[in-house]
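Work through the following exercises with the sequence and the model at hand. Each task is followed by a stepwise solution.

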Amino acid sequence: MSKFDQFKAKLRPGQTYRRADLAQWSTAVDRHLKEAVQAGVLTKLAGGLYYAPKQTVFGKAPPEDDTLVSTFLKGGPFLLASPNAYNALGVGTTQLHNKTVVYNHKRHGKFALGGRTYDFRMKPAFPKKLTAEFLMVDLVNNLDQLGESAEDVLERVKARLAASDRARVKKAAQSYGSERAKKFFARALAEVGAEAETQHAA
């Protein structure tokens, strides 16, 4: 078995690799990388980032976001989010956004990886997975990027609070909200709570 075949045998379809990961399996890694890309067993995603394509009945599958981002960041924690997820909150946002936001502690900026753009944003805190409460707070954090009337969206978010777990929303706002979002939720939750008490008393 040639050195290149030995190198190729280490690759796992569907896995992403940094050049440093691959160098452990070759004494001539740059030559082997070039040969692997030419042979189609590796795809170059960005400088120093590669993907071993996984074959499906529909052709070569793109890398999974989780795998790709984890390799790029050299591990977690991170949280993948899309502004499209706001549309499921029932607060009237309908615009579609072709981007993936990556909340993390290491990188900031927009990076093209494998033909897709990822918007890396450094945040001091974020949950392990997306929740409706986090998305509601995140929506208010990013109001100016939505391309919709901020006033209308805030009114609909406030209306949505009546049917939400207000204690969880309050906790999410305190943990993940910008100063503006914290003030909005503190005020809105107080108003919604007062309205609920009035209705209950009646």
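Two strands pair if DSSP finds at least two bridges between them. Strands (E, at least two residues) and helices (H or I, at least four residues) are DSSP runs, numbered from the N terminus. The model is predicted: local features need pLDDT of at least 70, side-chain atom pairs count only at pLDDT 80 or more, and totals for chains, interfaces and linings use all residues. Residues are numbered from 1 along each chain as its sequence is written, and side-chain values use heavy atoms, with hydrogens and water left out.

**Exercise 1.** Determine how strand E7 is paired and whether its residues are buried or exposed.

Step 1. Strand E6 (residues 78–81) is joined to E7 by four bridges, and the two run antiparallel. Ala81 has Val101 as its bridge partner in E7.

Step 2. Strand E9 (residues 116–122) is joined to E7 by five bridges, in parallel. Here Tyr103 is partnered by Arg121 of E9.

Step 3. Buried means under 20% relative accessible area, exposed over 50%, and partly exposed in between (1.4 Å probe, protein chains only). Five of the five residues of E7 (residues 100–104) are buried, so the strand is largely enclosed by the rest of the structure.

Step 4. In a regular strand the side chains alternate between the two faces of the sheet. Val101 and Tyr103 point one way from E7, while Thr100, Val102 and Asn104 point the other way.

**Exercise 2.** Describe the open sheet of three strands and the helix that packs on it.

Step 1. The strand order is E1-E3-E2, with antiparallel pairing. Strand E1 (16–18) and strand E2 (43–46) are the edge strands, each pairing on one side only.

Step 2. Neighbouring strands of this sheet are turned by 35° against each other on average, direction ignored. Axes are lines fitted to C-alpha atoms, for helices over the stretch in contact, and angles run from 0 to 180 degrees between N-to-C directions.

Step 3. Three bridges link E2 to strand E3 (residues 49–51) in the antiparallel sense. Tyr51 in E3 stands opposite Thr43.

Step 4. Helix H4 (residues 65–73) packs on the sheet and touches E1, E2 and E3. The direction of H4 makes about 10° with that of E1. Contact means heavy atoms within 4.5 Å.
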